[in-house]
Amino acid sequence: MNAYPVHAEAAVPLSAMETLLPVLFRALGGDPALKLKPAGGHGAHAWQDEATLYLPESIALFADADLNRQLYVWLAALSAEPVDSHLDWLERNRAAAAACLARQPGLANEYRELVAAFLPLRPDPESLEGDARLVELAVRAALLNPEQGQPASANLSGLAPVPLWLHPNPPRPQAKPEAGANKQSGGAAPAEAPADGPRAKKTDNETGEEKKVALTDFKFEAKPRWEDYLNDHRDSQGGGEGGSGEEEKGPRATGAIDGDDAPPATSGMTYGFAWHTENDDTPLGPGIKLPEWDCRKNVLLPDYCLLKPMLPAGASRQPLPERLRSLARYIQRQFQALTPERSRKNGEFNGPDIDLDRVIRFFVERHSGHAIGEPGLYQAWPQRERSLACLLLADLSLSTENRLPTGHKIIDVIRDSLTLFAEALTASGDRFGLYGFSSIQREEVRYLVLKDFAERYDDETRGRVLALRPGYYTRMGAAIRQSTAVLAEQPAERRLLLIVSDGKPSDLDHYDGRYAVEDTREAVREARAAGVTPFCVTVDQEASAYLPHIFGSNGFVVVQQADTLPHVLTRLYAQMTR
């Protein structure tokens, strides 16, 4: 990548993406056993071997830092795609990009933005001759239209690097040198090799510090490594068959590192998955322990999950966004029709109007001597309220970061949906609460309190909704159980739990597949037994394969176009509560 400019002022280090990328890589189907490590400086390619995913230590290709962040996301997504090693470098990357975009259409807009910004940085084909011109044209065609196959590549030597693709010739993993062997014989894997030709070798003037970082695997004691939250915890937290659910004791628990003669833990760096950051959401207390249904043992595990109520980070008082005001007024007018009509009550002792019939009757009886005391002589028009409480629970998992064909992110649509829903229910006078959730295994189920039932919906609560951002995973059973408990405290005849989701329940540990589906189904059954009506609104087009088992055939709806979610949600509520 040395042929490209380096925009140091817009550089994005890998450390700034360490929370997102490991989760994204696994969510898109990447090998959960791989560790994440830096591959070198600005010019490094992404690649992986049997144990590690290497991404550039820093990306400064574009003058826009957002594009450099998008490039990290794209490389992680591309690395999750299986590749055919028999294809040449160009065709291998083209096919991987096509498969990635086909499986993750939400990445298409970001990819097009990256290509549009990148192509002007490449050599002009008209300035090239012979094979060089043909290859450059083929590269551009593959970048612009990865879904279209390309003819066999010519000689790729001398081709300018393509940082939107994976390494043209990934280094082979080096065997660990035996004791007593020459320490320099093991060498470090080369950071990059030319597309055509022998792999680069380490030079004699390589510093010892560079070798040490490349040859060893370190981690910070206070920061868990990526794999600690993937395969290893499946057993240590009850993920394996017959697991005890207790933390596994051993080197990882004490901060030790792999390897027989590993240096001190503070010497180097392995990027891990840590969720406690400076800009993290604010916990509201120590958390709430909740049970979880284990379908393998057919038993409800008591106090198995720790749910943590939180306030979203960065929230501040916000007015209704200008772009939503017209639609909000339209929806409010519709929802005002749901408000029960006031009924007149006669014979009241206080009221805004005089009850003339009773006044005349009173004076007649008084004149005849039959009046006994002073009756109620007023009319009142008390406000009638529907005995209804609704809790809207939004799935805020990482997948809500995906873009829709319209260019909007799912999280943007969810923010708008919650905002308009709140505006509508404020107009109807119905009691409601707004909550969101995501999770990182059973000890970190995040339950965001956007508006509880005791709060008014105002600029402060609206600001919490507008501050929402994608979270992590989807331990839906715990979130439904807590929502049921919140609704059970509301003095209402009808209690409605609306769940907005964009995918299947899952988490990093054993909470996946049938286990996750069965736990969520049991939580729904518990809600109904408590007098709560749960209903799921999803934008997952494959939800019909699993939601009937969880909510029943009449307990969910699939929104075909996610951008219409705000309209669907308010319309659905109006129909369900008439």
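**Notes on the predicted model**

1. Strand 8 (residues 299–311) and strand 14 run parallel and are joined by four bridges. Within this pairing, Pro309 has Tyr447 of strand 14 as its bridge partner. Please bear in mind that the model is a predicted one.

2. Strand 14 also pairs with strand 13 (residues 431–439), here in the antiparallel sense and over six bridges. Ser438 is found opposite Arg446 of strand 14.

3. How many residues of strand 14 are buried? Seven of the seven residues in strand 14 (residues 445–451) are buried, so the strand is largely enclosed by the rest of the structure.

4. A further set of pairings involves strand 15. Strand 15 pairs with strand 12 in the parallel sense over seven bridges, and Cys390 lies opposite Leu496 of strand 15. Strand 15 pairs with strand 16 in the parallel sense, again over seven bridges; in this case Ile499 stands opposite Cys536 of strand 16. Strand 15 is mostly covered, with seven of its eight residues buried.

5. Helix 17 packs against these strands, among other elements. Its 12 residues (565–576) reach 16 Å from the first C-alpha to the last, close to the 16 Å expected at 1.5 Å a residue. The buried residues of helix 17 are Leu565, Pro566, Val568, Leu569, Thr570, Leu572, Tyr573 and Ala574. The elements they pack against are helix 10 (322–336), helix 12 (410–428), strand 12 (388–395), strand 15 (494–501), strand 16 (532–538) and strand 17 (556–558).

6. Tyr378 belongs to strand 11 (residues 378–380). Is this tyrosine, Tyr378, partly exposed or buried? Tyr378 has a relative accessible area of 34% and is therefore partly exposed.

7. For the protein as a whole, the secondary structure comprises 17 helices and 17 strands. Of its 578 residues, 51% are buried. Among contacts with a separation of 6 or more, 72% are between residues 24 or more positions apart. The accessible surface amounts to about 27,700 Å², and carbon and sulfur atoms account for 50% of this surface.

Key: Residues numbered from 1 in each chain as written. Predicted model: local features only at pLDDT ≥ 70, side-chain atom pairs only at ≥ 80, totals over all residues. Heavy atoms only, no water. Helix = DSSP H or I, 4+ residues; strand = E, 2+ residues; numbered from the N terminus. Expected span 1.5 Å × (residues − 1). Buried < 20%, exposed > 50% of the residue type's maximum accessible area, 1.4 Å probe, protein only. Contact = heavy atoms within 4.5 Å. Pairing = 2+ DSSP bridges. Areas by Shrake-Rupley, 256 points an atom, 1.4 Å probe, with all protein chains shown as cover.
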